[in-house]
Amino acid sequence: MLKDSKNIAKVIIEKDNKFLILMRADNGKLDLPGGHCHIGESFVVGACREVMEETGLSCFGLEEAVRYEKKMIFSCKSFAGDIKLDLSENTSFFWHDKNNADSIHSNACTDVLVAAIAHCMILK
């Protein structure tokens, strides 16, 4: 079994000017798809693997959006598949309008989603 590193890779998956938000099973917070990279795994490979494990989606053409601490957030506008959540990790999902990203209360979000929302607002 591969061990997780401290590096975290998350993805802003975009469709029709909306982005995918998940509700975490462990703490009920809103988050982006993604998670810990394995030791020796690049951020891109870790992001794609985690998105597949959590949602069943395959991501293509990731672009770096935000980097801080040991975390990297990518933007993804090209993906394939239908969402099939791993319910042990996330209990639900929804698509949220990027133009109203700041309508999500930060107390309900992980720090990564707060950073992604800030990124969306800067690009607005």
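User: How exposed is F79?
Analyst: This is a predicted model. In it, F79 counts as partly exposed, at 24% relative accessibility.

User: And W95, what's its relative accessible area?
Analyst: The value for W95 is 23%, so W95 is partly exposed too.

User: How many aromatic pairs turn up in the whole structure?
Analyst: One. The partners are F79 and W95, with ring centres 6.1 Å apart. Their planes sit at 20°, so the pair is stacked.

User: Why stacked?
Analyst: Because planes under 30 degrees apart count as stacked, and these are at 20°.

User: Which strands hold F79 and W95?
Analyst: F79 is in β8, residues 78–80, and W95 is in β9, residues 90–97. The pair therefore ties together parts that are 16 residues apart in sequence.

User: What's the lining of the largest pocket like by class?
Analyst: It has 11 charged residues, seven polar and four nonpolar.

User: How much space lies in the second largest pocket?
Analyst: About 150 Å³. Its lining has 11 residues, and E14, E63, S75, K77 and H119 are the closest to the centre.

User: Where does the largest share of that lining come from?
Analyst: From β6, which gives three residues. β1, β6 (63–68) and α2 each supply at least two. By class, the lining of the second largest pocket has five charged, three polar and three nonpolar residues.

User: Back to α1. What span does the helix have?
Analyst: α1 has 13 residues and reaches 18 Å from its first C-alpha to its last. That is close to the 18 Å expected at 1.5 Å a residue.

User: Which α1 residues are buried?
Analyst: F43, G46, A47, R49, E50, V51, E54 and T55. E54 is also among the residues closest to the centre of the largest pocket.

User: What covers the buried ones in α1?
Analyst: The cover includes β1, β2, β4, β5 (58–60), β7 (71–76) and β9.

User: What comes just after α1?
Analyst: G56, which takes a positive phi of about 80°. From V44 to G56 is 12 residues in sequence and 16 Å in space, C-alpha to C-alpha.

User: What about positive phi in a residue other than glycine?
Analyst: E69 has a phi near 45°. N17 is positive as well, at about 60°, although it is not a glycine.

User: Why flag those?
Analyst: Because most residues other than glycine have a negative phi.

User: Where are N17 and E69?
Analyst: N17 is in the loop between β1 and β2. E69 is in the loop between β6 and β7.

Notes: Residues are numbered from 1 along each chain as its sequence is written. This is a predicted model: local features need pLDDT of at least 70, side-chain atom pairs count only at pLDDT 80 or more; totals for chains, interfaces and linings use all residues. Side-chain values use heavy atoms; hydrogens and water are left out. Rings of Phe, Tyr and Trp (its six-membered ring) pair if their centres lie within 6.5 Å; planes under 30 degrees apart count as stacked, over 60 as edge-to-face and the rest as tilted. Helices (H or I, at least four residues) and strands (E, at least two) are DSSP runs, numbered from the N terminus. Buried means under 20% relative accessible area, exposed over 50%, partly exposed in between (1.4 Å probe, protein chains only). On a 1 Å grid over the protein atoms alone, a cavity is a set of points where a 1.4 Å probe fits but cannot get out, and a pocket is an open set with protein on both sides within 12 Å along at least five of seven lines; lining residues have an atom within 4 Å of a point. Ala, Val, Leu, Ile, Met, Phe, Trp, Tyr, Cys and Pro count as nonpolar, Asp, Glu, Lys and Arg as charged, and the others, Gly among them, as polar. Grid points are joined across faces, edges and corners, and a volume is the space filled by probe spheres set on the points. The expected span of a helix is 1.5 Å times one less than its number of residues. Contact means heavy atoms within 4.5 Å.
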